[in-house]
Amino acid sequence: PKALAGMESIEGQVASLAELPNMNTLWSALVIEECIRLGVRNFVICPGSRSTPLVVAIARHPHATASVNHDERAAAFYALGWAKAIGAP
C-alpha cells in the first residue's frame, strides 16, 4: 500500500520476539505498527504506568510523533484539534 512506501516495519526494529521483555511490550509494538501502517503518525500520550508499553512502542517507532499531555481529558481535546488541524488521523 501507499502508506508503506519507504517505511521499515517492526521486523527491522526487532530481530526476534525473544528480545521483547514481555507480552505487553509485544502487543504494544504490534498495535503501534498497525496504526502506522494505517496512516496514524501522531500520538498524544499521558504519563502513567498503565500506558508505559504503548509509550515505549511509540518512542521506538521511527515514523511516530508524540506529544505529552498530563491530563487525559485535555489530551483527548488536544488530539482531536491536532488531527483536525493537520487533516490526518
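The following dialogue examines how terms are applied to this structure.

Student: What kind of model is this, and how are its residues numbered?

Tutor: This is a predicted model, in which local features need pLDDT of at least 70, side-chain atom pairs count only at pLDDT 80 or more, and totals for chains, interfaces and linings use all residues. Residues are numbered from 1 along each chain as its sequence is written, and side-chain values use heavy atoms, with hydrogens and water left out.

Student: How many helices and strands does the chain have, and in what order do the elements run?

Tutor: The chain has four helices and two strands, where helices (H or I, at least four residues) and strands (E, at least two) are DSSP runs, numbered from the N terminus. The order from the N terminus is α-α-β-α-β-α.

Student: Why do Cys-35 and Cys-46 receive the labels they do?

Tutor: Cys-35 is at 24% relative accessibility and therefore counts as partly exposed. Cys-46, with a relative accessible area of 17%, is buried.

Student: How many disulfides are there, and what rule decides it?

Tutor: A disulfide is a pair of cysteine sulfur atoms within 2.5 Å. By this rule the count is zero.

Student: What makes the span of α2 close to the expected one?

Tutor: The expected span of a helix is 1.5 Å times one less than its number of residues. Helix α2 (residues 23–37) has 15 residues and reaches 21 Å from its first C-alpha to its last, close to the 21 Å expected.

Student: How do you know where the buried residues of α2 lie around the helix?

Tutor: The buried residues of α2 are Thr-25, Leu-26, Ser-28, Ala-29, Ile-32, Glu-33 and Ile-36. Seen down the axis of α2, these residues fall within an arc of 165°, so they line one face of the helix; the arc is that of the directions from the helix axis to the C-beta atoms. The face turned away from the buried side carries the exposed residues Met-23, Asn-24 and Trp-27.

Student: What caps the N-terminal end of α2?

Tutor: Asn-22 caps that end, with a side-chain oxygen 3.1 Å from the backbone nitrogen of Asn-24. Just after α2, Gly-39 takes a positive phi of about 105°.

Student: What makes up the largest nonpolar core?

Tutor: A nonpolar core is a set of buried Ala, Val, Leu, Ile, Met, Phe, Trp, Tyr and Cys residues joined through side-chain atoms within 4.5 Å. The largest has eight residues: Ile-32, Ile-36, Val-40, Phe-43, Ile-45, Ala-57, Ile-58 and Ala-64. At least two residues of this core come from each of α2, β1 (42–45) and α3 (52–60).

Student: Why is the pair Tyr-78 and Trp-82 given its particular name?

Tutor: Rings of Phe, Tyr and Trp (its six-membered ring) pair if their centres lie within 6.5 Å; planes under 30 degrees apart count as stacked, over 60 as edge-to-face and the rest as tilted. By this rule there is one aromatic pair. The rings of Tyr-78 and Trp-82 have centres 5.9 Å apart and planes at 55°, so the pair is tilted. Both residues lie in helix α4 (residues 72–86), four residues apart, about one turn of the helix. Tyr-78, at 40% relative accessibility, counts as partly exposed.

Note on methods. Buried means under 20% relative accessible area, exposed over 50%, partly exposed in between (1.4 Å probe, protein chains only). A polar contact is a pair of N or O atoms within 3.5 Å; within protein, one must be able to donate a hydrogen and the other to accept it, and residues adjacent in sequence count only if both atoms are side-chain atoms.
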